Protein chains: 2
Amino acid sequence: MTDLSPESGSVQPLRVNGERLISRLDELGAIGAIEGTIGCARLALTDDDKAGRDLVRTWMDELGLDITVDGIGNVIATMPGFDHGIAPVMTGSHIDTVATGGRYDGNLGVLAGLEVIETVMTARLDLPRPLAVGWFTDEEGARFAPDMLGSLVYVGGLALEEALTITDRDGLSVGGELERIGYLGSAPIPGAVPHAFVELHIEQGPILEDEGIQLGAVEAVQGISWTELTIIGQSCHAGTTPMRLRRDPGVVAARINVFVRELAERFGGAQVATCGVVSHVPNLVNVVPSKVTMTVDLRNTDDATLEAAEAEFHAFVADAAAAEGVTVTARSLARFASVEFDDRVAEMIEAAAAERGHSIRRMCSGAGHDAQMFARICPTAMIFTPSVNGISHNVTEYTEPADIEAGANVLLDVMLRLAASDLS
Amino acid sequence: MTDLSPESGSVQPLRVNGERLISRLDELGAIGAIEGTIGCARLALTDDDKAGRDLVRTWMDELGLDITVDGIGNVIATMPGFDHGIAPVMTGSHIDTVATGGRYDGNLGVLAGLEVIETVMTARLDLPRPLAVGWFTDEEGARFAPDMLGSLVYVGGLALEEALTITDRDGLSVGGELERIGYLGSAPIPGAVPHAFVELHIEQGPILEDEGIQLGAVEAVQGISWTELTIIGQSCHAGTTPMRLRRDPGVVAARINVFVRELAERFGGAQVATCGVVSHVPNLVNVVPSKVTMTVDLRNTDDATLEAAEAEFHAFVADAAAAEGVTVTARSLARFASVEFDDRVAEMIEAAAAERGHSIRRMCSGAGHDAQMFARICPTAMIFTPSVNGISHNVTEYTEPADIEAGANVLLDVMLRLAASDLS
């Protein structure tokens with residue numbers, strides 16, 4: 001058995017093939033590419049998502065991995081040659097993107113996991129347990145709410161039957177779309193519990209770049225609260241209806257948007273608030289809207305503060321609706337408490353980075369990730385690489401090749417350590 | 001020649017056939033009907049608009065009227081048997097609707113005009129000049145801006161070539177769509193100057209109903225200012241981007257919406273303000289928008305006050321954009337000064353209503369109408385009928401049959417008086 005300990009000095013530490021990894025990121029990013037940019041659009045379960053899935057599956061096949069597809073379309077590829085009873089060390093992320101997304105968000109975690117496994121198999125390392133890499137359906141939630149849908153279902157957090165009936169804006173269901181693109185699999189849900197889970201992801205924020213640090217050891221994920229508001233007012237003529245007679249849902253939506261912005265600034269710290277969706281009906285220049293649909297995304301690392309923000313938000317909505325004489329229906333699209341990762345895994349990440357000579361800091365994730373679902377069932381943590389200008393969910397999203405390679409090498413080290421550790 | 005003067009006592013005053021008029025309103029309203037409502041959707045130059053046009057044209061044909069279609073798709077039907085050099089007394093309005101519109105707005109004016117002509121022709125009255133009824137393309141502006149497009153072009157307020165190149169949100173042009181539906185005509189633009197113009201229209205507001213008055217003699221139309229704002233910010237991840245780094249065009253749009261509402265309340269009087277369109281891009285729950293398009297509709301009967309409102313609005317937009325670090329492009333979609341109608345025509349309307357025993361008041365129109373374009377070239381005024389609950393641009397728009405008939409009879413009387421008057 002090869003010595004897995006870099007500090008032994010007996011062998012050069014194993015390294016991933018950074019060029020192959022970057023090349024695969026580029027090849028996958030070409031599917032659904034947004035012309036004139038380096039960004040791409042592969043919303044979950046669309047034709048482009050299918051094309052992306054098929055490409056990554058081809059690479060997994062070429063490597064001879066055991067591939068399973070489960071009932072929510074998650075695809076897990078495991079190193080062959082192990083007893084089925086031995087829980088793998090799992091990594092993974094997602095390959096769906098937002099409508100104007102980048103080629104790193106999610107994709108990096110999946111392709112780096114594949115790269116780690118290819119590196120280990122090429123080196124013919126003899127491991128006590130297999131490594132596995134997966135991608136999880138609809139992590140972005142950009143087409144079907146809630147986000148992190150595939151990993152949520154994998155860990156038993158949402159019944160499969162319920163998940164399959166979720167529909168997009170056009171009324172198309174998760175189940176129907178999975179079947180249409182050929183990814184309605186039969187592997188059991190909930191899925192098998194891994195020995196441990198570690199996910200490599202771009203930071204999607206500005207902190208690492210600001211501080212000039214190369215990697216993050218993610219020890220927690222902030223809590224997420226998504227609410228959809230449907231505000232019904234009275235459509236009428238924009239010229240002939242005196243202001244005193246108006247019941248304008250657009251004005252109420254605007255007041256809510258301004259309120260949650262000011263709430264986040266007032267709370268300070270880790271509190272963020274966003275109204276990403278605002279849709280007027282009928283959306284015509286000379287018609288007071290009859291209906292406005294909007295979403296409010298609140299996040300905080302501190303659950304009690306997040307709850308306080310939610311309470312203020314809902315109280316404001318009620319007051320604003322009453323003052324205007326409109327009705328509001330609130331629907332929770334997603335609600336995840338903040339998540340603490342496993343300190344032992346986070347320490348392994350810090351140690352591996354230090355041994356490779358990379359600067360690293362403990363940090364908290366502002367975004368939700370598949371790893372937070374796995375934290376419910378096995379020891380879990382995450383590795384972050386910097387995002388240039390802190391930008392993500394945008395076609396200009398970019399991470400330097402050197403940072404990608406550093407993150408993948410640390411992922412390699414940590415997966416090997418986890419395979420050798422009983423984590424008892 | 002029949003005595004046209006109701007007060008002569010020698011004949012019963014002529015009356016329109018109210019049942020036939022209501023029945024035609026219903027038949028036209030069935031085209032583009034919105035299921036489960038009495039409303040309809042016939043956006044300008046769509047297939048449904050074509051079907052509506054074809055139906056009304058059939059009725060005009062059956063009556064033997066001389067029909068012309070001009071280069072912007074306006075259709076004018078004139079009583080036959082007169083020298084071409086004799087200017088007609090014209091009435092008319094529009095048959096396009098907003099996306100969730102009613103069956104009275106515009107349609108009443110066209111079909112009541114047809115009813116007046118049919119009544120006069122059936123009675124074989126010998127008139128000194130012909131009566132004519134027209135409908136004017138895209139009065140609503142719900143598909144192509146500016147509104148009142150057809151009548152604006154008819155009176156020479158906008159070059160035909162320019163009007164034909166105006167596009168809708170899908171990039172389809174007025175010219176292309178006119179050709180597609182078979183209404184790109186050859187009658188000259190600008191059109192012939194009528195002897196006078198009078199338009200019957202629903203009030204689309206609550207004043208007549210509130211005051212229990214049956215008809216309005218419209219003496220003016222308030223000024224209209226439509227602005228489209230395109231606000232460009234920085235799309236980014238809703239979870240990972242600290243509030244201090246945000247450049248959110250949605251928040252700026254919301255501040256503008258709240259500001260113009262408060263501006264209209266502060267100005268009071270006839271000032272109204274509406275943000276009908278607010279469109280976020282990419283409009284996803286977890287993405288700070290990159291771009292927001294919105295419209296601001298400001299109206300006032302007093303031009304100086306409207307200009308003051310516009311100035312405050314533009315100053316606020318500049319400040320809000322600078323504070324958030326976004327860029328804003330403003331484009332004027334329509335700008336019409338307030339319009340004074342011809343006092344002699346308004347007096348004829350008052351007199352005719354009084355003689356028929358209908359209560360009437362002088363009033364100002366909050367909405368724009370085709371008649372205001374004709375006011376540029378000939379003596380013009382309007383007759384209003386009440387709108388139940390003041391509602392219009394809404395599927396529940398309704399006007400009582402008795403009010404429709406009263407309005408049509410006054411239109412009849414006024415058109416006959418105008419035909420007999422030299423208005424010198």
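Helices (H or I, at least four residues) and strands (E, at least two) are DSSP runs, numbered from the N terminus. The structure described here is a predicted model. With this numbering, A:P190 falls in the loop between α6 and β5 (196–202) of chain A. The peptide bond that leads from A:I189 into A:P190 is cis, and its omega is near -5 degrees.

Chain A contains 12 helices and 16 strands. The C-alpha trace of chain A extends over about 85 × 45 × 45 Å along its principal axes. For a chain of 424 residues a compact globule would have a radius of gyration near 22 Å, and the 23 Å of chain A agrees with this. Of these 424 residues, 58% count as buried. Among the contacts in chain A with a separation of 6 or more, 77% are between residues 24 or more positions apart.

Two domains are assigned in chain A: domain 1 (6–221 + 339–420) and domain 2 (223–336). The centres of domain 1 and domain 2 of chain A, taken over C-alpha atoms, are separated by 34 Å. Contact between the two domains of chain A involves 9 residues of domain 1 and 8 residues of domain 2. On the domain 1 side, this contact is made by 4 nonpolar, 4 polar and 1 charged residues.

After α6(A) comes A:G182, with a positive phi near 80 degrees.

Chain B is superposed on chain A by a rotation of 180 degrees with 0.0 Å of shift along the axis, at an RMSD of 0.1 Å. This is the relation of a two-fold axis. The residue of chain B that comes closest to the rotation axis is B:A254, at 2.0 Å for its C-alpha. The contact between the chains takes 61 residues from chain A and 61 residues from chain B. On the chain B side, the elements that give two or more residues are β7 (223–232), β8 (236–237), α8 (249–267), β9 (272–274), β10 (278–281), β11 (287–288) and β12 (291–300). Helix α8(B) supplies the largest share of this side, 9 residues. By class, the side of chain B that touches chain A consists of 28 nonpolar, 26 polar and 7 charged residues. The copies meet through the same surface, because 100% of the interface residues of chain B are also interface residues in chain A.

Several backbone features of chain B were also examined. Most residues other than glycine have a negative phi, and most peptide bonds are trans. In chain B, the peptide bond from B:A145 to B:P146 is cis, with omega near 5 degrees. B:P146 is located in the loop between β4 (131–135) and α4 (149–154) of chain B. B:L45, a residue other than glycine, has a positive phi, near 70 degrees. The loop that holds B:L45 runs between α1 (18–29) and α2 (47–62) of chain B. B:L45 counts as buried because 27 C-beta neighbours lie inside 10 Å, against a threshold of 20 or more. B:R124 likewise has a positive phi, near 50 degrees, and is not a glycine. B:R124 is placed in the loop between α3 (107–122) and β4 of chain B. B:R124 has 7 C-beta neighbours inside 10 Å and therefore counts as exposed, the limit being 12 or fewer.

A further residue of chain B, B:M348, belongs to helix α10 (residues 343–356). B:M348 is buried, with 25 other C-beta atoms within 10 Å. Residues up to four places away in sequence left aside, B:M348 touches B:V414, B:R417 and B:L418. Along the chain, B:M348 and B:L418 are 70 residues apart, while their C-alpha atoms are separated by 8.4 Å.

Technical notes. Residues are numbered from 1 along each chain as its sequence is written. Chains are lettered from A and ligands numbered from 1 in the order in which they are written. This is a predicted model: local features need pLDDT of at least 70, side-chain atom pairs count only at pLDDT 80 or more; totals for chains, interfaces and linings use all residues. Domain bounds come from an automatic or database domain assignment. Two residues are in contact if their C-beta atoms, placed from the backbone, lie within 7 Å. Ala, Val, Leu, Ile, Met, Phe, Trp, Tyr, Cys and Pro count as nonpolar, Asp, Glu, Lys and Arg as charged, and the others, Gly among them, as polar. The radius of gyration is taken over C-alpha atoms; the globule rule is 2.2 Å times the number of residues to the power 0.38. Copies are superposed by least squares on the C-alpha atoms of residues with pLDDT of at least 70 in both.
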